[in-house]
Amino acid sequence: MVPGSDNNNSPKLLLENVMILFFIALKLILSFVLVNPVYELHRDEYLHLDQANHLAAGFTSVPPLTSLLSWIIKTLGNGFFVVRFFPALFGALTILLCWKIVSFLNGNLFAKCLVAVACICSSLLRLNTLYQPNSFDVLAWTAVFYYLLRYFDKNQSKYLYYFTITAALAFLNKYNILFLIVGLLPAVLITSKRKVFANKHLYFALLLGLIIISPNVIWQINNHFLVLKHMKLLQETQLVHVDRINFFISQFLFFVSSIFVLICGVGSLIFYKPFQKYAWIILTYLFTITVFSYFKAKDYYALGLYPTLLAFGAVYLEHVLAKRHVLGTALFVFTIGSFIYILPLVMPIYPPEEIIADHKRFERVGSLRWEDGKIHELPQDYADMQGWKELARLTDIAYQKVKDKSALLVRADNYGQAGAINYYSKYKNINAVAYNADYLYWFKMDKPIKHLILIREYNDTDPLRKKEQPYFGKITKIGIVNNSYAREYGASVFLLEDASININDRIKSEIEEEKHDY
């Protein structure tokens with residue numbers, strides 16, 4: 001070490017540490033303050049949180065890692081803040097990894113700050129406000145790229161183990177990682193990086209990865225690959241409405257404020273000579289995005305590809321703007337300023353009334369088109385964050401009326417309803433279930449059921465419960481969800497008492513029928 005180098009580098013290192021801590025803190029704070037308090041948790045979040053009460057090696061909807069995180073959240077009190085904290089943390093760690101990629105590429109503080117701003121000023125900010133597997137998915141994809149960059153640089157085998165462990169954890173979080181592996185494999189094979197396949201440690205690492213994912217693989221085998229049935233259902237009900245052109249347009253819109261950084265990331269990996277040795281990255285992007293498009297995947301499935309590209313773009317722009325400080329400043333101003341302008345379209349800042357009043361603006365960017373392919377008043381995610389407390393309150397009113405609660409079953413129409421009731425109900429043993437998603441496997445039928453709380457959606461074809469009238473002594477309509485902004489608007493809560501038939505056998509029969517259909 002050159003004498004005196006510590007003194008020269010310490011202020012620079014201190015400044016970098018202060019800046020990365022600033023961006024991590026900013027990321028965490030924005031994930032909370034940019035969500036209007038009128039919104040509740042999202043329908044998917046309730047299901048994921050409920051998995052903490054049913055720990056297993058696999059689930060119908062997602063692999064098991066989310067349930068372990070939900071168990072930690074439950075241990076920490078299951079409060080709104082803790083639920084929101086974890087996806088925000090994964091987003092902050094993604095920025096940290098991008099920072100490290102820039103450092104690996106010998107980028108300076110300008111490039112590091114630029115990639116942090118580019119990540120924050122994008123749809124990743126919205127993604128990191130929802131407790132879903134997607135935030136960890138993006139983090140894991142970024143880590144996969146980072147560890148492979150480190151391995152290909154010095155051929156240190158430890159990074160192969162880090163790579164496979166990360167990929168295995170990503171698999172246990174969301175099977176989406178398989179698309180990245182499908183894109184990564186040919187990208188490595190057609191470049192000089194294929195020498196990795198001659199390294200015995202790759203196969204030891206892969207074996208370790210298989211051991212890590214084996215409980216879930218065994219679970220899938222024992223349950224006749226429920227993931228394939230789930231994907232088929234997803235294809236029939238949601239992916240069928242995906243338009244390939246809109247898929248590619250969304251890739252642009254996700255990073256519209258950071259578009260210069262993204263374009264430079266893609267372009268530099270193709271044309272910038274110092275980056276040509278990283279050609280496998282751009283090839284991985286092209287192969288993976290093609291596979292996504294072919295299978296008509298949802299647009300946000302590909303988000304994990306972009307943090308690494310943003311890191312390369314930031315380093316390239318540092319080189320181009322080295323002596324053009326005005327342009328560098330202008331780039332930051334544009335990225336931050338344009339994002340502030342479109343922020344209401346990205347984050348749920350506005351209450352529903354203001355979104356409806358600004359209907360045309362939201363419609364122009366396609367945010368009012370739901371998975372059913374139709375245009376609605378609110379973005380689907382926002383409608384999915386309304387009315388849950390009201391539904392739980394109505395269910396609690398019905399629950400109070402039942403004397404023998406051991407003979408009661410609470411059956412919702414969908415997983416969002418069941419999960420929200422279990423989360424918000426003041427009766428923590430209410431155990432609402434549904435003929436839907438994982439709840440189909442969580443029915444407790446050990447005692448005879450005499451009473452039923454039934455939640456039906458707005459489009460129920462039997463509002464008077466004529467179907468059940470012959471089998472119950474008393475049927476009472478407790479109320480409906482009156483929040484017109486909620487996707488559950490019009491959902492009804494009924495109390496059915498004093499069953500005159502064997503309800504258990506009927507429900508078991510219906511469960512088996514639903515499983516067969518599923």
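Biologist: Why is asparagine 106 called exposed in this predicted model?

Modeller: Asparagine 106 has a relative accessible area of 68%, and exposed means over 50%, so the word applies to asparagine 106. The residue sits in the loop between α4 (80-104) and α5. Asparagine 106 also has a positive phi of about 65°, although it is not a glycine.

Biologist: Alanine 437 has a positive phi too. What makes alanine 437 buried or exposed?

Modeller: Its relative accessible area decides that: alanine 437 comes out at 10%. Buried means under 20%, so alanine 437 is buried. Its phi is near 50°, a positive value in a residue other than glycine, and its place is the loop between β2 (433-434) and β3 (451-456).

Biologist: How do you know that threonine 129 is buried?

Modeller: By the cut-off of under 20%, a relative accessible area of 1% makes threonine 129 buried. Threonine 129 lies in the loop between α6 (124-127) and α7. Setting aside neighbours within four places in sequence, it is in contact with Ser31, Val35, Glu45, Arg84, Pro87 and Met347.

Biologist: And what makes the approach of threonine 129 to arginine 126 a polar contact?

Modeller: A polar atom of the threonine 129 side chain is 2.7 Å from the backbone oxygen of arginine 126, and the cut-off is within 3.5 Å. Not counting residues up to four places away in sequence, serine 367 touches Phe362, Pro379 and Gln380.

Biologist: Good, now the rings. Why is the pair of tyrosine 285 and tyrosine 306 given the name it has?

Modeller: There are 41 aromatic pairs in the count. In this one the ring centres are 5.6 Å apart and the planes stand at 70°. Centres within 6.5 Å make a pair, and planes over 60 degrees apart count as edge-to-face, so tyrosine 285 and tyrosine 306 form an edge-to-face pair. The pair links distant parts of the chain, with tyrosine 285 in helix α14 and tyrosine 306 in helix α15, 21 residues apart. Both tyrosine 285 and tyrosine 306 are buried. Beyond neighbours within four places in sequence, the contacts of tyrosine 306 are Gln251, Phe255, Leu262, Tyr285 and Ile289.

Biologist: Which residues do ring pairs link into a cluster?

Modeller: The cluster consists of Trp141, Phe179, Phe292, Tyr294, Phe295, Tyr300 and Tyr301.

Biologist: What makes arginine 465 count as lying over the face of phenylalanine 494?

Modeller: Arginine 465 is at 5.1 Å from the ring centre, and the distance cut-off is within 6 Å. There is an angle test as well, within 35 degrees of the ring normal. Arginine 506 likewise lies over the face of tyrosine 471, at 4.7 Å from the ring centre.

Biologist: What of helix α8: how many residues, and what span?

Modeller: Helix α8 (residues 158-173) has 16 residues that should span 22 Å, and its end C-alpha atoms are 23 Å apart, which agrees. Its buried residues, among them Tyr159, Leu160, Phe163 and Phe171, pack against α3 (65-75), α7, α9 (177-189) and α10 (200-222).

Biologist: Which residues have the most contacts inside the largest nonpolar core?

Modeller: They are Tyr278, Trp280, Ile281, Leu305, Tyr306, Ile453 and Ile507, in a core of 157 residues. Helix α7 (residues 134-154) gives the most to this core, with 13 residues.

Biologist: Last one: what makes glycine 328 buried?

Modeller: Its relative accessible area is 5%, and the cut-off is under 20%, so glycine 328 is buried. Glycine 328 belongs to helix α16 (residues 325-346) and touches Phe110 and Leu321, leaving out residues up to four places away in sequence.

Notes:
Residues numbered from 1 in each chain as written. Predicted model: local features only at pLDDT ≥ 70, side-chain atom pairs only at ≥ 80, totals over all residues. Heavy atoms only, no water. Core = buried A, V, L, I, M, F, W, Y, C linked by side-chain atoms within 4.5 Å. Buried < 20%, exposed > 50% of the residue type's maximum accessible area, 1.4 Å probe, protein only. Helix = DSSP H or I, 4+ residues; strand = E, 2+ residues; numbered from the N terminus. Contact = heavy atoms within 4.5 Å. Polar contact = N/O pair within 3.5 Å; in protein donor to acceptor, adjacent residues only side chain to side chain. Phe/Tyr/Trp six-rings, centres within 6.5 Å; stacked < 30°, edge-to-face > 60°. Expected span 1.5 Å × (residues − 1).
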